[in-house]
Amino acid sequence: MAFTLKSYALAALALVAVSWPAQAQDTINIGVSEPLTGAVAASGNYVVQGAKIAEDEINAAGGVLGKKIKLIIEDNKSNPKEAVATAEKLIVGDKVPVMMGAWSSTYTLAVMPKLMEYGVPMVVETSSSGKITTSGNPWIFRISPTSEMEAKSFGTKVGQFGIKKADFLVVNNDWGRGAAKEFAKMLKGKGIEVGVIETMDAKATDLSAQLAKVKASGGDTLFITSGVEQITLVLKQAKEQQVKHKVITTGGSSSPNQLISQAGAAANGSNHLLFFAPWFPETAPNPEVAKKFVAEWKKRDLNFAGLTEGFRGYDGIKTIVAGIKAAGKADPKAIQKALWGVKVKGVNGNIAFIKQGPAGKESAQNVPNVYIVTIKDGKVSKL
Amino acid sequence: MNRRLIEFGVVLFFASVPFWLGNLYYLHILITTGIFIIAAMSLNLLLGYTGQLSLGHVAFFGIGAYTSALISIGFDLELTDTYTFVFEPKPVWFSFLCGIAFAAICGWLIGKISFKVRGAYFVIVTISFAEVVRLVALNWIDLTEGPMALNNIPPFTLGIPGLWELTFFKKEPNYWLVLALCVVSFVIVRRLVQSRAGRAMIALRENESLATSVGVDVTKYLVLATVISAGMAGAAGGLYTHYIRIVDPDVFLFIYTVTMVIMVITGGKGTLLGPIVGGLIFGILPEALRGLAGPEVQWVIYGILMILVVYFLPGGIVPALSNWWRQREDNQSTSSPGDAAPGTAS
Amino acid sequence: MARKPTQQIVLTVDQLTIRFGGLTAVDSMTFDVHEGEVLSLIGPNGAGKTTAFNAITGYLKPSSGNIAYQGTSLVGLKPNQIAELGVVRTFQKTSVFGGETAFHNVLMGLHRQLKQKPWQIIFGLPSVAAEERAMRNKAREVLEFVGLGARANELGNALPYGEQRLLEVAIALAARPSLLLLDEPVSGMNPSETSSFMKLLGEIRKLGITVLLVEHDMKMVMGVSDRVVVLNYGSIIANGSPAEIQKNPDVIRAYLGERHRKTQAKSKGKKRA
Amino acid sequence: MDQLLQHILNALILGGTYALLGIGLTLIFGIMRVVNFTHGELYTFGAYMMFMFVMPLQTNFFLALILAVVLGMALGAIIEVVLLKPLRGADIDTTMLIMIGAWIAMQNMEQFVWSGIAKSIDNPFPVEPLVIGAISVSWIRIFVFVVACALIVGTSALIRWTKLGKAMRATFQDTETAALMGIRINSVYIATFAIGSGLAAAAGALLGPIFVVYPTMGDLAALKSFAIVILGGLGSVGGAAIGGFILAMMEELGAGYISSGYRDAMGFLLIIVILLFRPTGLFAQKERIG
């Protein structure tokens, strides 16, 4: 039986031998949880590239509170549970005072209880589900628009599209379902008929069955909400199956340039709701910020198609750093308090937070700008 | 008794970990490792003792997790247009037991069905079962929230309702809870394999026709092993769900079964300590290697490691070490007949 | 001293026929086994002896005919159910639990004699521990009985061939048979091992166990059997005492004359289920 | 009605590649008694090779397809020689564990080399689909279907009429006797594994340009191959071919008329139902369990 002891002792030794790299305290760490692999990896990587531009820019200007900032980037693998694991690691392991993440609404919603539990604020850069800011989590600071905001903004221009009957093909998660719900509500409010609402798994690549149903529904417009990878597939397969609907994508993750390069002619005629239009930075509320960001992106030889996502990371980190500066210390509670008062000139526009959700534990929501672009003959043009 | 004392000491040592470890993140790793060790122990009962390569084991883990989560947060199901079945939230300890029970029932059902076939067929049936369960969890959105995941699952609570209650928000109580269930699982498996039932399972693994010739009922014992194994895996799933407090359909991914298989094979299938040693290695190694290699590279290493273990150490680490130890002991004294524990290397 | 066999019939094999596809392995076989006797089933390779064994113990489904043990039909029962009735067999090809010690091999054989239930085991009731202790003693006794007492801690597949065959018998005995079917138990044993096995068989008879034996070793068959049934090409050609069989001209022609040549040509038709 | 026709057409075209996957797997199982868990990775490998040749290297599309298949066969032969050859005579569970280890290692290597981001592959076919009345199909899919059918027919012909095919069939029937008759079993095994792998790589290389290429794409493909093979009976080439088409039809119709979410569940439900009622598959002639 002495053997029993021995193996346990060995295991214990292994445990003790796991030593953590000592953390240097001359930097302020910012946790980032993004999907770097998996179904929506492309978008996550673009966001991180944008965030890195902000990091370098801030550090080149001397950092914040006399210290450099350091992004600790974790891959949430396009999965809500992994998103929780990254939050756990960033907050408990790396002791970051503030986070940015987690791209999809589903991942963000998954992370939110951890923010409550440990009391760490998170800037939400992409997620659009209404639930995020209405569930009473005071650690949430969202700079991206909700699906409702996006639908409302689109509603002012819906007349230009002449829609009679709309169908939906959305990714099967909080983001897609939320978008379908809000847009359908808005359209019905305008007297437009809503046909089929089809969902697709985030990992699905063969969408022929859903498209056959959309085709059979007899609508004239198809709203698509998903990541750019899946939108590419939908456009290609819709073309193959002769689905004649006019296409409108929502959610701002459609990267029109990537669609043009990967879906080719199938992308022609499609319309896209975006939160940054890098082809026309002069139209942004802060043209100098937008132009500088686009220039830096190009200088780094990054994929132009990623700009429509990359700005989110840039704006998010800028917002966080403004919060840290206003707080005067890298403390979660202080940053949370300070973020309420920040005014940031971002790529999308001027970032400032309004209150949303149940009284006493409101979440913070920014009111961003929405753009619509159209792909014509392989080129992006303003609507 | 010397042996009892050592075992007690080992448990005491592990129980003392939160007092001196000092880093909550390490504790978090230990908790998830412990949960996987329970799952690996349950798989070992099937894979190691009955010799059935069940590659759908994660289904029971996930069923336990989902059942316990749903019962603790409540759910409603629109059964017909006019009638909606509303299930009120129940206390966590109760939901946890329900998770175990439901996983065990599923184990019974699957055992009854899949032991009609063996070998490659059995393996594929078990994989298919896990995959079907995953797709149900993904698509039955009314019940499971599908890819949106079940969120805000309550943590464990302990105490007398109304008088005194302790909610397991913190890491330490969760750690002790997992440790306690590890010990319970270990004791159950040990009692089982050192009894009539366990010997019947081992006999089936060693020589099925000989086993039946002395009266061992094949189906009965394979199903019994599956039921107990599924219940234990369900318990691990319940622990997981109330600790992590979120569960999504990816909990059913094949890779988690593979993780358990690697733990059992490397540690030593059909040994009591194998899953513990394998579980500790593969629970802690990813964290230890994190600075050195990305997750992909790590998984490449684990895959190759598994191949090497099957080639060069087919029994796993524990039997190899125990043989080495026994040979040393044999040089000093000879043991009396019949004292070695059956089918174990401890 | 062996107990006298009674005229009480325990096993009835009636018109047993087994076909594999077009091949008839056993054709209308009919014989009885009496309580307490040693009955040998002999015949050249491929005569259908092992096939008949497999049918009696439930490893093969008969194509037609009936098998009954103490009035209960065995047809359609599973091997473990037949074992529960007290009919226990050994296998032609050496068959032990190779990865376990000899002691545990016998413990596994004791399966039928234990009463503990799974829930009692899980809760660790004292009755389980008491039963385990009793069974461990019993296992040692059985090992001593077959003469493997000193080998208790050796792994099954590490034992020499002759001792593996003894271990098989020990496992079968542990299952407390009332009818023991031995399939070529001494094949591959040397003459001195064979003669000590014959002594062991005598001891087994003393326990009141009826024995049905398939064996090629004629010295052994003639030495231990009360009666002998001779098979050729699936049919019974003779049935009687060893002395009668040795004089039977059919047997001499069909079987003994050919035997030598047949055993040279390696086993064909030793098909098992 | 139009929708039904479209579904049937889609299923027919998908079925061709499913059949390729199934035949590859069933050949390896039937002849070598190995459950090849790397099958999905060879499929992924074929797709990535196609991507590599067509996109960064700008190789001709059709040449790239041939190269992808050949490289898939080579990789299969390497796996056979390195991993399986030392394990001749080992039980089926041992080889399964080895193959699972190889699968994990290969998949993560792909992830490491190509990153987790999905890739798409250009094809030289016209974008405008072929329209027949109310239904339509793209030219690339027609091409894929034709190539898949050609490969199925080619493989069957190889098994039926060539010397290698005879050796394979003999080994399938009885390895020992085949060896006694002078068939070099090792060569047959290597050839079998290479052909099976080549077919998986071909399926990946063909579907890659239709869908997208990503590191875990092989998981579902492997699981579906299992379903196809069980459906057709382990070891039955004809059964696997028919099984591929049946599975595709069930998926497409299930997705179209029941729920698109359960599309991938069809195969697994089918496995469970078949094994309950006819464990040897629909088309197996011989009883072969275990």
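Below are my entries, one topic at a time.

**Ground rules**

I am working with a predicted model, in which local features need pLDDT of at least 70, side-chain atom pairs count only at pLDDT 80 or more, and totals for chains, interfaces and linings use all residues. Residues are numbered from 1 along each chain as its sequence is written, while chains are lettered from A and ligands numbered from 1 in the order in which they are written.

**Entry: which chains touch**

I began with contacts, where two residues count if their C-beta atoms, placed from the backbone, lie within 7 Å. Four pairs of chains touch, and the pair B and D has the most contacts. Chain A and chain C share no contact, and their closest C-alpha atoms are 17 Å apart. Chain C and chain D have no contact either; there the closest C-alpha atoms lie 13 Å apart.

**Entry: chain B on chain D**

I looked up the B and D pair next: 33 residues of chain B meet 37 residues of chain D. Helix 5 (119-139), helix 11 (254-267) and helix 13 (295-312) of chain B each put at least two residues into the chain B side. (Helices are DSSP runs of H or I with at least four residues, strands are runs of E with at least two, and both are numbered from the N terminus.) Helix 5 of chain B gives the most, with 14 residues. By class, the chain B side has 25 nonpolar, four polar and four charged residues.

**Entry: chain C on chain B**

Here 36 residues of chain C are in contact with 26 residues of chain B. Several elements of chain C give two or more residues to this side, including helix 2 (79-84), strand 6 (87-89) and helix 3 (102-109). Helix 3 of chain C supplies the largest share, five residues. I noted 18 nonpolar, 12 polar and six charged residues on the chain C side.

**Entry: two domains in chain A**

Chain A splits into domain 1 (27-145 + 288-366) and domain 2 (148-274), with bounds from an automatic or database domain assignment. Their centres, taken over C-alpha atoms, are 27 Å apart. Domain 1 of chain A brings 20 residues to the contact and domain 2 of chain A brings 21. On the domain 1 side, helix 2 (41-60), helix 4 (105-118) and helix 12 (307-327) of chain A each supply at least two residues.

I traced an open sheet of seven strands in chain A, in the order 2-1-3-4-5-14-13 and with mixed pairing. Strands count as paired if DSSP finds at least two bridges between them. Strand 2 (68-75) and strand 13 (353-356) of chain A are the edges with a single partner strand each, so one side of each has no neighbour in the sheet. Direction ignored, neighbouring strands are turned by 25° against each other on average.

Strand 13 of chain A and strand 14 (residues 363-366) of chain A run antiparallel, joined by four bridges. A:Gln356 has A:Ser363 as its bridge partner. These two strands form a hairpin with six residues between them, and A:Gly357 in the turn has a positive phi of about 95°.

**Entry: helix pairs in chain D**

Which residues of helix 9 of chain D meet helix 11 of chain D? I found D:Lys224, D:Ala227, D:Ile230 and D:Leu231. Helix 9 (residues 217-232) and helix 11 (residues 265-277) of chain D pack at about 30°, with axes 9 Å apart. (Axes are lines fitted to C-alpha atoms, for helices over the stretch in contact, and angles run from 0 to 180 degrees between N-to-C directions.) That makes helix 9 of chain D roughly parallel to helix 11 of chain D. My cut-offs are under 35 degrees for roughly parallel, over 145 for roughly antiparallel, 65 to 115 for roughly perpendicular, and oblique for the rest.

Helix 3 (residues 61-84) and helix 8 (residues 185-207) of chain D have axes that come within 7 Å and cross at roughly 140°. That makes helix 3 of chain D oblique to helix 8 of chain D.

How values were computed:
Ala, Val, Leu, Ile, Met, Phe, Trp, Tyr, Cys and Pro count as nonpolar, Asp, Glu, Lys and Arg as charged, and the others, Gly among them, as polar.
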